Structures are given as structure tokens and as C-alpha cells.
Amino acid sequence: MDDQTRESLEAAAFRTLVTHLRQRTDVQNIDLMELAGFCRNCLSRWYMEAAQAQGIDMEKETAREIVYGMPYEEWKDRYQQ
């Protein structure tokens with residue numbers, strides 16, 4: 001498999017994961033941390049770090065909004081228990 005195909009498949013898997021996490025608002029970040037060792041905030045941090053590694057200036061809140069599908073504070077108000 002060539003690098004471009006691999007990266008395309010990885011990107012598709014990432015988008016599916018983000019969509020799944022947006023739909024599963026019943027799953028709290030603490031649950032993810034305890035079971036998987038990462039949460040939505042980790043995923044958004046990794047996204048931000050990847051952007052910065054490519055010279056793209058990205059703030060933490062921007063990355064969180066990409067992962068959460070809305071501003072983080074709004075998600076917390078709606079779904080955090």
C-alpha cells in the first residue's frame with residue numbers, strides 16, 4: 001500500500017471515530033480515559049499538535065470544536081454529567 005492510500009484510509013478512520021464520539025454523548029470522557037486511555041480532549045490535542053507540526057497555527061479550542069462538533073463549553077453544558 002502506498003503512503004497516500006494509507007493516509008487516506010487513516011483519515012477516513014479518524015473521521016468515523018470523531019463522528020462516532022459525537023453521536024455517543026452518553027459516553028463521558030472519564031469513561032473513555034478509564035477504558036481506552038484517551039478521551040475526546042486527548043484526540044483534540046493530538047489533532048492540534050499534528051496541525052502545529054505542519055506549521056498550521058491552531059488553538060486548543062479550535063481543535064476541541066473540530067472533535068466535539070461544537071464549542072467545548074457548549075458540549076459540557078449539554079452532555080457532561
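The chat below goes through a predicted model of one chain.

Colleague: What are the ground rules here?

Modeller: This is a predicted model, so local features need pLDDT of at least 70 and side-chain atom pairs count only at pLDDT 80 or more, while totals for chains, interfaces and linings use all residues. Residues are numbered from 1 along each chain as its sequence is written, and side-chain values use heavy atoms, with hydrogens and water left out.

Colleague: How many helices and strands are in the chain?

Modeller: Five helices and zero strands, in the order α-α-α-α-α along the sequence. Helices (H or I, at least four residues) and strands (E, at least two) are DSSP runs, numbered from the N terminus.

Colleague: What box do the C-alpha atoms fill?

Modeller: Roughly 45 × 25 × 20 Å, taken along the principal axes.

Colleague: And what share of the residues is buried?

Modeller: Buried residues are 28% of the 81 in the chain. Buried means under 20% relative accessible area, exposed over 50%, and partly exposed in between (1.4 Å probe, protein chains only).

Colleague: Take α1. How far apart are its end C-alpha atoms?

Modeller: They are 30 Å apart, which agrees with the 30 Å that the 21 residues of helix α1 (residues 3-23) should span at 1.5 Å a residue. The expected span is 1.5 Å times one less than the number of residues.

Colleague: Which residue caps the N-terminal end of α1?

Modeller: Asp2, with a side-chain oxygen 3.0 Å from the backbone nitrogen of Gln4. A polar contact is a pair of N or O atoms within 3.5 Å; within protein, one must be able to donate a hydrogen and the other to accept it, and residues adjacent in sequence count only if both atoms are side-chain atoms.

Colleague: What about pockets: how much space lies in the largest one?

Modeller: About 320 Å³. On a 1 Å grid over the protein atoms alone, a pocket is an open set of points where a 1.4 Å probe fits, with protein on both sides within 12 Å along at least five of seven lines; lining residues have an atom within 4 Å of a point. Grid points are joined across faces, edges and corners, and the volume is the space filled by probe spheres set on the points.

Colleague: Which residues line the largest pocket?

Modeller: Phe14, Leu43, Trp46, Tyr47, Ala50, Ala51, Gln54, Ile56 and Met58. The largest share, five residues, comes from helix α3 (residues 40-53). By class the lining has eight nonpolar, one polar and no charged residues. Ala, Val, Leu, Ile, Met, Phe, Trp, Tyr, Cys and Pro count as nonpolar, Asp, Glu, Lys and Arg as charged, and the others, Gly among them, as polar.

Colleague: Where is Gln28 placed, and what does its side chain reach?

Modeller: Gln28 is in the loop between α1 and α2 (29-36) and is buried at 9% relative accessible area. Its side chain reaches the backbone nitrogen of Gln81 at 3.1 Å.

Colleague: Last one, Trp75. Where is it found?

Modeller: In helix α5 (residues 72-79), where Trp75 is buried with a relative accessible area of 2%.
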